[in-house]
Amino acid sequence: MAVKHNNGIILTTVEEVLSWGRRNSLWPASVGLACCAIEMMHTAASRFDTDRLGIIFRGSPRQSDVLIVAGTVVNKVAPMLKLIYDQMPDPKWVIAMGGCSSAGGPFPTYATLQGVDRIIPVDVYVPGCPPTPQALLWGILELQKKIKAKKEGKVWEEIPIREVPTASQPIPIKEKSPLGF
Amino acid sequence: MVRIKYVERPELTNRERILFVDFIKGMKITLKNLMKKTVTTAFPFEKLTPPKRFRGTHAHRVKNGKEPPSFKVIEKFMDIEFGESRCVACYMCMQACPVPFLFNIEAIQLPDGRKKVVRFDMNLLNCMYCGLCTEACPVDCLIMTDIYETASYHRASCVLHIDDMKKRSIDFDRRRYGEPDRIWIDDDQRSKLWGQIKWS
Amino acid sequence: MHLWAETKELELLEEKFSEIKLEKAENFTSIIVKKENLLDILTFLKDELDYRMFIDLTAVDYYPKNPRFMCVYILFSPEKRKRIAVKCWADNDSIPSVIYLWKGAKWAEREVYDLFGIRFEGHKNLVRMFLWEGYKHHPLRKDFPKEGIQEVYLPSLNLRPDEIPAHNYTPYHTYVPSMEELEKTQKSRLEKKSQIVLNWGPLHPGTHGTIWFLFDMEGETIKNCEIILGQLHRGIEKLAEDLTYTQIIPYTDRMDYISALCSQVAYVNTVERLLGVEPPQKAKWIRTMMCELQRINSHLLWLGTYALDLGALTIFLYAFREREKIMDIIEGIAGIRLNSTYIRIGGVSKDLPEGAIDVIKHFLNDFPEKLDEYETILTKNRIWLRRNLNIGIVTEDQVYQYGLTGVVARSAGVPYDIRMIQPTDAYDKVDFEIPLGKVGDCYDRYLIRIEEMRQSIKIIKQCVAEIENLKDDRYISTENPYVLPTLNEVFSSIESMVKDFNLRIYGEQAPEGEIYMSGENPRGELGFYIVSRGDGKPYRIKIRSGAFYNLQIFPELIKGRTVADAVALLGSLDPVVGETDR
Amino acid sequence: MELLGTVIGVTVKSLIFIIVMFLAAAYLTLLERKFAGHVQQRPGPLHVGPHGFLQPIADALKVLTKEDLVPDSVDKVLFYMASLLAFVPAIMILAVVPFGEPFTVFGLEIKPYITDLNIGVLLALAFGSLAIYGVIFAGWASNSKYPMIGGLRKAAVLIGYEVALGFAMVGPIMQAGSFSLREIVEAQSGMWFIIPNILAFVVIIFAILAETGRTPFDVQEAEAELVGGYITEYTGMKFGLFPLAEWYIATFVLSAIAVILFFGGWQPLPLMGWLPIPDIVWFFIKVFLLFMFFLWVHWTLPRYRVDQITELAWKVMLPLALANILVVALWIIFIG
């Protein structure tokens with residue numbers, strides 16, 4: 001801590017570099033539960049290639065950074081999902097893909113968990129049933145923005161609720177930073 | 001006219017086995033694909049435009065002079081300014097929706113007896129995007145737009161309110177109101193995957 | 001055409017067993033028997049009248065009647081191609097088990113026990129099917145609330161202090177089991193005899209969703225195997241009980257999410273038969289075309305994941321490349337890529353957009369050569385052969401015993417295809433071939449699925465030609481009192497607006513009665529058993545899932561094989577958890 | 001003085017070798033991801049840096065700064081030792097691999113190899129076999145079921161193919177009459193040893209695929225069966241070392257040895273001797289081509305079952321290697 005006060009600049013640059021590395025190689029644990037898993041596979045497949053952004057799916061939670069909860073989480077599988085989350089090493093993030101994993105979705109029943117954020121903290125919610133691959137990719141970009149903001153010392157409570165999203169135009173390739181996102 | 005046939009099981013002959021013909025053929029295929037162009041759409045930099053029928057986030061059409069005749073009938077009982085949402089609080093979307101509690105609609109009775117919609121919330125996290133609500137709307141008010149980039153950090157920001165739905169519909173109609181009902185409109189992007197399609 | 005047993009058989013039954021009661025309706029023919037001679041009648045039906053294929057077993061809860069539960073057995077005769085239903089009241093909540101007649105009844109009885117609490121006398125190891133040991137309730141009983149009992153305080157973990165998540169958010173939640181309870185469940189399924197018990201799944205890359213396998217292994221050889229289902233049990237049947245017939249359509253997508261359109265068509269056909277609605281010709285052809293597109297789509301996903309499980313990583317992405325094209329077609333026509341709620345009672349929700357036919361033609365032209373590419377890489381590859389040949393051989397007897405349907409049945413040489421037995425929509429007008437296998441191993445199932453894709457292309461070509469003739473035909477028969485009007489009609493005429501309001505609020509008032517009908521899903525026979533008591537909502541819907549019964553044979557086939565074979569076998573059975581668990 | 005010079009020279013060279021090898025391995029991952037991507041008609045890493053050129057660095061940064069999480073149930077000592085045991089032997093093989101003829105820069109002679117032992121081949125084999133311990137330790141120490149099965153599978157495969165590999169190397173050694181890799185290369189100045197040793201070459205290809213755990217032999221981490229194989233429980237850099245060593249460094253080094261044994265090391269390609277290309281470059285071109293061939297196989301074929309693999313090793317590969325020895329013996333007797 002003392003070091004941080006002495007030469008904060010160096011530390012922040014180090015932080016900057018680390019956060020760049022982290023947000024540019026997010027490895028999700030391939031946990032597919034239901035319909036959304038199919039769209040998740042499509043996101044990883046040739047049409048919308050997540051490998052472009054350095055995202056490759058790992059089988060073992062021990063080697064993954066982000067948990068994409070794709071599909072309905074029912075009460076019976078909830079403890080195991082928490083186990084998987086606990087097995088992941090820090091720093092780790094969670095994306096709740098689709099309505100079911102975010103808030104129970106269209107299944108307000110006796111068997112369904114009404115939102116995975118009741119057992120593990122969620123970073124990004126992606127509405128949709130299921131979200132299209134582009135929507136999921138947008139969610140992943142949002143997560144990258146969040147990691148960047150974390151680096152700037154903001155905690156997620158301070159990030160404002162986003163304003164009304166409208167259809168956005170493609171980012172011109174020249175606005176891309178030479179080091180990636 | 002349905003017929004039954006047995007599938008024949010191909011055999012690997014010894015010649016093929018010794019000369020690795022099966023491996024070589026397979027690897028020829030992968031090599032061929034290696035030479036082809038990629039089919040990828042680099043998402044944030046290039047985007048697939050959803051088709052006209054795409055069922056994305058909901059929106060409220062506003063009173064802009066393009067209303068269907070049914071709206072004219074019901075309008076008398078409502079207090080709707082020009083440029084406000086067309087919603088007439090008929091609760092049909094709520095009735096048609098398979099998910100209970102997805103909608104939260106409130107309308108008040110004005111002193112002059114007319115109704116006014118004061119609250120129209122939709123929790124997108126419970127939505128199935130099945131489109132039954134839009135098919136139920138009798139005044140062409142509730143529509144589904146082509147907006148899908150709605151990921152956010154909070155549950156609360158996935159709940160739609162009446163004024164953002166107004167904004168969305170204006171944005172949506174400005175872009176795609178007069179568009180023909182085609183299967184897709186961005187041939188240049190899709191042709192990466194499809195190759196050139198000859199349209200009739 | 002209807003498939004129910006003829007009168008003379010029923011008379012034969014009546015004179016043999018005096019105390020049975022016949023119920024013959026246009027959609028459903030059943031015999032009501034007493035509990036004590038249920039087994040004799042079922043044995044007679046199986047052995048004498050050769051209704052030896054077990055289709056389904058379910059129960060209906062007529063609360064507050066007493067006895068409240070009625071069990072319904074649905075049987076099929078492969079020779080006569082006839083179905084028959086046997087009903088029996090479960091006095092004081094128990095009924096004799098039939099697992100000695102049909103092995104396939106094992107899981108079905110466990111499911112009924114789980115959801116209704118009916119005890120089956122003589123069933124060994126009658127444990128819960130979907131829910132966990134120690135769960136207190138039996139959800140499908142009429143006196144159990146749909147939302148369950150929200151007893152524990154389980155708020156969302158990341159709420160800002162000022163945030164109200166949504167108007168329908170409540171911090172209270174139904175009971176979530178603990179790890180110990182799940183371990184208890186596991187113990188109750190399988191006791192350890194060999195070296196190690198391997199937990200394969202539920203959240204495992206290789207298990208096609210969330211199936212939970214227990215392997216009792218000696219080295220790498222599996223001595224004993226058990227399957228725990230219910231990791232995706234969302235209670236769709238319970239939900240459907242207070243939705244109108246139209247509102248259930250979106251949920252049929254979410255059951256078998258890989259072949260959503262086929263499920264919709266199967267369901268909508270059942271409801272139309274119940275309501276007596278006849279869709280227009282064009283809608284029929286469009287339905288058939290979309291079904292076959294979806295079949296190709298589903299088989300492509302199977303091919304990709306199967307190849308991935310067997311190590312051929314590249315095939316996976318090639319298959320998904322083709323899937324993307326079909327997804328584009330479905331998205332352009334229906335509006336959503338995967339769970340497209342496109343079929344409506346009395347037709348389809350929208351007409352084909354302009355350009356759709358061109359795109360489909362383009363796809364039909366260049367898909368066959370892609371299929372040949374896959375075959376060149378896989379079919380004669382020595383590794384592929386060694387991984388597939390003589391793995392998991394299914395015999396004809398097992399097909400009838402377990403009620404196997406779809407590709408698994410056809411690989412054993414049983415020509416059981418609903419498209420042929422009970423053609424709906426336009427299937428009686430198109431001509432195609434049904435591939436059958438001679439051996440019944442994984443390799444046969446692989447070849448059959450590949451061949452089915454080619455046949456689907458053939459069917460789609462005929463559909464496209466037909467639809468072009470019917471270009472400006474109606475796509476939904478809105479003059480029928482049960483069919484929702486289209487938006488334009490609502491906008492223009494007040495009558496259709498009133499009709500719309502009535503149908504949305506009160507639902508389609510179906511006539512009283514029962515019906516069982518099924519459609520040919522890529523995974524097997526997807527049947528719907530609907531009990532209607534004359535109001536706008538179904539009294540009970542039982543979904544007969546093909547994957548559920550197909551998966552049931554897995555433990556028997558895998559004994560004495562290795563984990564690597566388990567992957568191949570599971571892939572070739574191709575279950576979808578959303579459908580098995582509902 | 002003489003001794004000191006040698007010591008310094010060797011140390012510097014080894015350091016250079018190790019560092020270069022690390023970087024090379026890091027970028028071989030990028031190469032593989034690009035190659036796989038284009039085989040599957042997708043670009044692979046693209047946006048992190050120009051054409052994804054910084055992707056390996058991002059990955060390395062992330063992996064290095066991950067929480068180093070060691071489960072309580074594991075056997076700590078073996079758990080750490082395993083990752084080293086898997087990595088070090090792969091690097092140590094480099095000690096005996098010559099990359100070219102000695103050449104002189106500014107008057108001082110540089111030998112592009114660390115040492116030229118007269119038993120180089122044997123040393124390479126020995127170090128290669130050491131890697132088995134890493135695998136077995138990893139599987140055992142993780143104290144979990146999937147790693148255990150994965151480790152045993154890999155061990156069975158390795159033991160099977162080490163033998164075949166050893167016998168396949170005998171042919172070239174007989175022809176060269178020496179164990180020293182450099183002399184073997186020099187012996188091929190006339191004709192490459194691929195000509196009589198074609199059988200041995202097939203065996204070597206299969207053996208290298210098996211040793212480096214690439215399809216059709218990647219049973220040890222068949223994702224569909226065993227989540228991550230024997231590296232399931234590993235996190236951070238301890239995890240990173242395994243694929244780095246096994247998939248990239250080992251593949252690279254073994255391809256180098258195969259090139260030396262069969263394709264005349266740094267001899268120019270036939271009919272291209274006139275090109276002004278230094279022999280080191282020739283050598284790396286050949287190694288690179290062979291490496292790409294392995295990637296190509298990896299991204300095409302399905303996967304064998306483990307019992308089928310061992311069966312293949314003992315029933316097909318070993319007899320082939322022995323037959324090759326006979327062929328070469330006859331060749332030496334009759335053709336010379």
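With 14 C-beta neighbours inside 10 Å, D93(C) counts as partly exposed, since a residue is called buried if 20 or more other C-beta atoms lie within 10 Å of its own, exposed if 12 or fewer, and partly exposed in between, the C-beta atoms being placed from the backbone. This is a predicted model, in which local features need pLDDT of at least 70 and side-chain atom pairs count only at pLDDT 80 or more, while totals for chains, interfaces and linings use all residues. Residues are numbered from 1 along each chain as its sequence is written, and chains are lettered from A and ligands numbered from 1 in the order in which they are written.

D93(C) sits in the loop between β5 (82–89) and β6 (94–96) of chain C, where helices (H or I, at least four residues) and strands (E, at least two) are DSSP runs numbered from the N terminus. Although D93(C) is not a glycine, its phi is positive, at about 55°. Most residues other than glycine have a negative phi, and most peptide bonds are trans. Y129(B), also not a glycine, has a positive phi of about 55°, and it is found in the loop between β4 (115–123) and α5 (132–136) of chain B. Y129(B) counts as buried because it has 26 C-beta neighbours inside 10 Å.

P91(A) belongs to the loop between α4 (78–87) and β3 (93–97) of chain A, whereas P130(A) lies in the loop between β4 (124–126) and α6 (133–151) of that chain. Chain A as a whole has six helices and four strands, which follow the pattern α-α-β-α-β-α-β-α-β-α along the sequence. Of the 181 residues in chain A, 63% are buried.

Where chains B and C meet, 63 residues of chain C are in contact with 58 residues of chain B, two residues being in contact if their C-beta atoms, placed from the backbone, lie within 7 Å. The largest share of this side of chain C, eight residues, comes from α9(C). By class, the side of chain C that touches chain B has 28 nonpolar, 15 polar and 20 charged residues, with Ala, Val, Leu, Ile, Met, Phe, Trp, Tyr, Cys and Pro counted as nonpolar, Asp, Glu, Lys and Arg as charged, and the others, Gly among them, as polar.

Helix α2 (residues 21–35) of chain B packs against helix α10 (residues 356–378) of chain C at an angle of about 140°, with the axes 7 Å apart; axes are lines fitted to C-alpha atoms, for helices over the stretch in contact, and angles run from 0 to 180 degrees between N-to-C directions. That makes α2(B) oblique to α10(C), because angles under 35 degrees count as roughly parallel, over 145 as roughly antiparallel, 65 to 115 as roughly perpendicular and the rest as oblique. K25(B), G26(B) and I29(B) of α2(B) make the contact with E373(C), T376(C) and I377(C) of α10(C).

Strand β1 (residues 3–6) of chain B pairs with β15(C) in the parallel sense over four bridges, and pairing requires that DSSP finds at least two bridges between two strands.
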